[in-house]
Each structure stands twice: as C-alpha cells, then as structure tokens.
There are 2 protein chains.
Amino acid sequence: MSRTITVAAAQLGPIQKAEGRDVVVPRMLRLLERAHQRGAEVVVFPELALTTFFPRWYHEDLNEADHWYETSLPSPATQPLFDAIRKYGLTVYLGYAELVNDTDAQGVVRKRRFNTSVIIAPSGEIVLKYRKVHLPGHAEYASHRAVQHLEKRYFEVGDLGFPVVRAPVGAAGQPVNLGMLICNDRRWPEAWRVLGLQQVELVMLGYNTPAMNQDNKGFEAHHLRVLHSQLAIQSGCYQNACFGVAVAKAGKEDGHELFGHSIIVNPQGEIIALAATWDDELIVADCNLDLCELGRTTVFNFEKHRRPEAYGRIVEQTGSVPPAVWTPSR
Amino acid sequence: MSRTITVAAAQLGPIQKAEGRDVVVPRMLRLLERAHQRGAEVVVFPELALTTFFPRWYHEDLNEADHWYETSLPSPATQPLFDAIRKYGLTVYLGYAELVNDTDAQGVVRKRRFNTSVIIAPSGEIVLKYRKVHLPGHAEYASHRAVQHLEKRYFEVGDLGFPVVRAPVGAAGQPVNLGMLICNDRRWPEAWRVLGLQQVELVMLGYNTPAMNQDNKGFEAHHLRVLHSQLAIQSGCYQNACFGVAVAKAGKEDGHELFGHSIIVNPQGEIIALAATWDDELIVADCNLDLCELGRTTVFNFEKHRRPEAYGRIVEQTGSVPPAVWTPSR
C-alpha cells in the first residue's frame, strides 16, 4: 500500500498594515474550507500569516510593535482557525510572530520575540514549534534602503534548532516525518540537511519575500528572485529526499511587492503544483511518501556516501576566509 | 574595471573501452585549440577525461585495471596537452585516474588509487590537486545491476579535503579563487559550502553520469537525471555566490549512455551556456567575477547570517536517524 497524503499550500494575498486579524482570519477560514473540499489532509499557511509583513516598518521603541505579535495560541482572534482545524480534521502549519514574557529569578519580566511556526494537530494540539534561525536583513534603520527589512531588530535567532517529529496527519492519521523552515531558511542548505539527517519526509515552509532585493545595488533582475527561491527549495527537496510545501504571502502590501509562486515539490526536485496568482489561492497535490525512501536508500544514502570528516569548516567557521595564494615558480 | 574572465567547458563525446590515450589526446588538443580561438583563458575537461568510464567494468584483481590510471603527469602520452597549454597560455582542469605507489617504512610498496583532478597553470605547473571525496556506487560486483558502478572499488576516498587556491589564470594572469569538485560531489551541498567558506569564485567540475540510475528500481524518469544535475549545480553556485563550469563526458560508451548538457552557471544560479550535443563540444562564456562579491556581501554574507550552532548534526552524524515520535494526548 502506498503512503500517499494530500497536501495543500494556502497562499495568502496581501495584508495591508491597517488590516487586523478580523480581516485575515476569515480569509484563512475560507482557505481551510476549500482545502477540506479538495481532500487535503495537511494545509500550510505563510510566514507571519496573521499580519502584514511588519518588519518593513521601523519602530524606535520595540514595545510599540507588540500588537503584531501573538502572546498565546489559540487566542480569541485565532480560536476560529483551531475550531475549523478540528472540524475538518486537518494538520496545519501556521507562521506568526511570537511574544514570550520570560520572568527571571528576580521577578523581572523580559520580552522575547521570535519569528515562529507551529504544526497544529487535527485535535488542535500543538505538535511542534519552530523558531526561525536564519533572520535576514538588519537590526538598525538603514537609510540607504527604500524599504526596511528589520527582522534582526524584531526577532531573536531561533533557539529550538531544526526539529523533526513523526506525527499522524489529517483525519486518517497516517504517520509522517514533519519538519519546518521559515522564509530565508530555505536558502541555506545546512538547514535542509539538518532536517534530512532526521529523515524528514515533508518540509513545510512559509515565506514573505520582497519581489526586489533592496540590498542588491541594481545587479539582480526582478524575476531572478523567483528562480532563487525555487532553486533553493527544489534542490533542498532533491538532496534530502523529501517533499516540500513552500507558501507565499503575495502581492502588494501598502505598495510593497511580495512575490507569490507558492510551490509543492517532490523528492525528485520537480514542482508538482504552482500558484499562479498573487492573491489568496489554494494548490493541492498528492504526495507519495515512498518516493522519500527511494532517494534515501540510493543516491542519498547518507550512511554510505556522506564524508563528515571533510565538512569541518561548516561548523568551525561562521564567515568565509580567503584561500591560500599560489604563485608560479617560473 | 570589471574582473571578467573567459571560461570554456570542453565536453568530450564517448571514449570506447578499446580506445587509448592516442585517440583521446588528439581530440582534447582540438578542443584546446578551439578554446584558444574563442578567447578562453580557462578550459575545463571532464572527470576521467583520458579513458572510458572504466568503473562500469569489473575486475576481480585490481592490478588488471592499472592501465586506466596515470602514474605521472605529464607522461609521454599526455605531454602534448601540456605543450598546448603552454602554447596557448591556458589554465586547465583535467580529471584522471591517479595511481600512487606509496612505500612504507618497511619498504613495502602499496598502490593507492584516486579519482583525481588537477588545475594546470599556463606554465604547465600543477597549481592544485583534488581527490574525489563522494564516491558513488559500490565496491563489490552487484548482480542486480545491468551496469556496474564500481567507484568504491577502484578508488579510495579523497584525502585532500576541498581546497581552494587563489591563482593567476590564463595569459593575462588575473587572480581568481579556484576550487574543484568531481561528478557526484556536485550533489552534496556540504562540498559546495566548504568551497564557499574559502571564497571560491570559480568551481570547476567534470562528470561521467549514466543517463539512467541503475539503482532506482524503475521509479526515476530518464530525463530527471539532467534536472538533478543542473539543480545541484545551479543551487551550489547561487548559495555560494560563485561561477560553476560543469563538464560531461557524454554519449554511448560501448552501448552505455552518459548524458551531456555541460553547463556554465553564474552566481545568480542562471545557466549562461549549455552544450546541446553528446559529442566533443566547446561552450564559452564571459564570467564577471564582481557578481561573486555581490552575493557574498548581501544575502550570502556568511558572517552576518550563518548559524553554525544549529548545524551540529552535519558533522556529528554520517547517516540519518529517525525523529522523535509524537502521539496525540487526547
């Protein structure tokens, strides 16, 4: 019997700065209903799905930005999502900004902020939490940029590693090895490999990616941004013998363009479903998990073929170093 | 002033088992002459460029296979290549089977065999040597396979790491950070990253890749083999902000098909030149090395964005491990 699950990418169109969760949650509910109608067992929403991509807006005082964050899940505003998840028997990936109030031994409360995603079980329980490790952008206001990208200001680096969990998915409860990435993580093969080394079968990832690289000094053609995203996801899936569901927040948020092109990718690196709008859109694909086994036992049989003794620099260095210089002897 | 170099991929068509270096070297000389005519400063030949892809042929006694290996470079048979390199002022990547006679303290000679590539300077000097780390296939005769892939029999795992060197290239002598991979290495993002951590600008790699995966139990469509190769190379170049020149031995060797599709790829992950035959063919592209600097200082500024503390499994594990199991509490 083949291990096939049906997965959906629930792409969201733009969320304007002025739009609250009361606008977004009903849109997400419609996507959950549609996913159920199309037979999906797993639904993946974007990164920071409940709000606009607020790291483009600067606040001198971080406390002024607290309204973008969730302090609990579910909350009154997000409870309808959990109700729908239970009603339809879905497994759901949700990206959001997480605010934690940590109290130290002296009773002093310290606010901690993360760019977070969770996997929610059909029962409404949280199966797994992930906090984004690869935060792009910068921490201080950058006057050379037309648009800010302040993730390093608004979030701490994730402190949960890259966990994978085997959990039953959907109403049928078929067990699947599940892992998560968030946005910029997908460009880093190290992140994919750490998931692959835990036999991940389905990588869920949401993103908010500006259609233009504001840091690129004009060298990088607009359309290459999509190529880069897809290359990183397709190679990550191929090289780790897993499926990937990569889901955009897309379109113009207060005039600032995010690209769409949400995709579902198989372990051969093929795009098997593609969103073609920059709006709320659901794409669905059947994923035969036996294909993961194929890659994992042949070309990417890690035990047989990897050579960690040659990979030392990956963990011994953060930045790059200049190579040795060779000069001709004659 | 832009740092532009002109690089060529010198794809070779098939070399039959019965064909010796006397057949191959003249073909390579024609490609070097053609590269010179087209203004190339760097020329990349395939893996095991001087012979057929002999790991498909089984020998019980390894000593019977010695004639496939080089014991010195140059040798009388390969001297004409070195003469042409000097005449045209080229920097050349050459892949070959290397046989080393190691004498131990007791005077006992031990034969060591590697799948090797070298960078040859315009002067004829060897600039850098690399020995393939990721050997695919198997060490013993595999009766379930129609075609053998005995690299693990014929070669030891490379013992030189993934070195990068800064060396002047071509007649103009512009310094470039040069690195090498061989064939199956290209599928392993760890290998690319170790080069990237040494600021590689140009990755040269040769390959002999069967058009069908004999280990795939029929799941893997023929054409996906090319997609896999290109995905791995394009993402490797993008994620490490370097150019790549990937060069095939192509066509039917004694009835066994190797795919072609040699490519030159830029740091944006774009294929900027593509070989379209399965025969001897030269493709040439100008590579503006300033594009490497762009990637290295923005999205892939490793110092700013990498998080090695989350990458431990990459060097702590060889094979994969099963993930934790989660069960619903209700």
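This briefing describes how two chains meet in one structure. The model is predicted: local features need pLDDT of at least 70, side-chain atom pairs count only at pLDDT 80 or more, and totals for chains, interfaces and linings use all residues. Residues are numbered from 1 along each chain as its sequence is written, chains are lettered from A in the order in which they are written, and side-chain values use heavy atoms, without hydrogens and water.

**Interface**
- In chain A, 84 residues are in contact with 84 residues of chain B, where contact means heavy atoms within 4.5 Å.
- The copies meet through the same surface, because 100% of the interface residues of chain A are also interface residues in chain B.
- About 7,700 Å² is buried between the chains, 62% of it given by carbon and sulfur atoms; this is the accessible area (1.4 Å probe) lost by two parts on being put together, summed over both.

**Salt bridges**
- Four salt bridges are found across the interface of chain A and chain B, each a side-chain nitrogen of Lys or Arg within 4 Å of a carboxyl oxygen of Asp or Glu.
- B:E190 forms a salt bridge with A:R193, and their closest N and O atoms are 2.6 Å apart.

**Contacts of B:F162**
- Among the residues that B:F162 touches, not counting those up to four places away in sequence, are A:A310, A:Y311 and B:L181.
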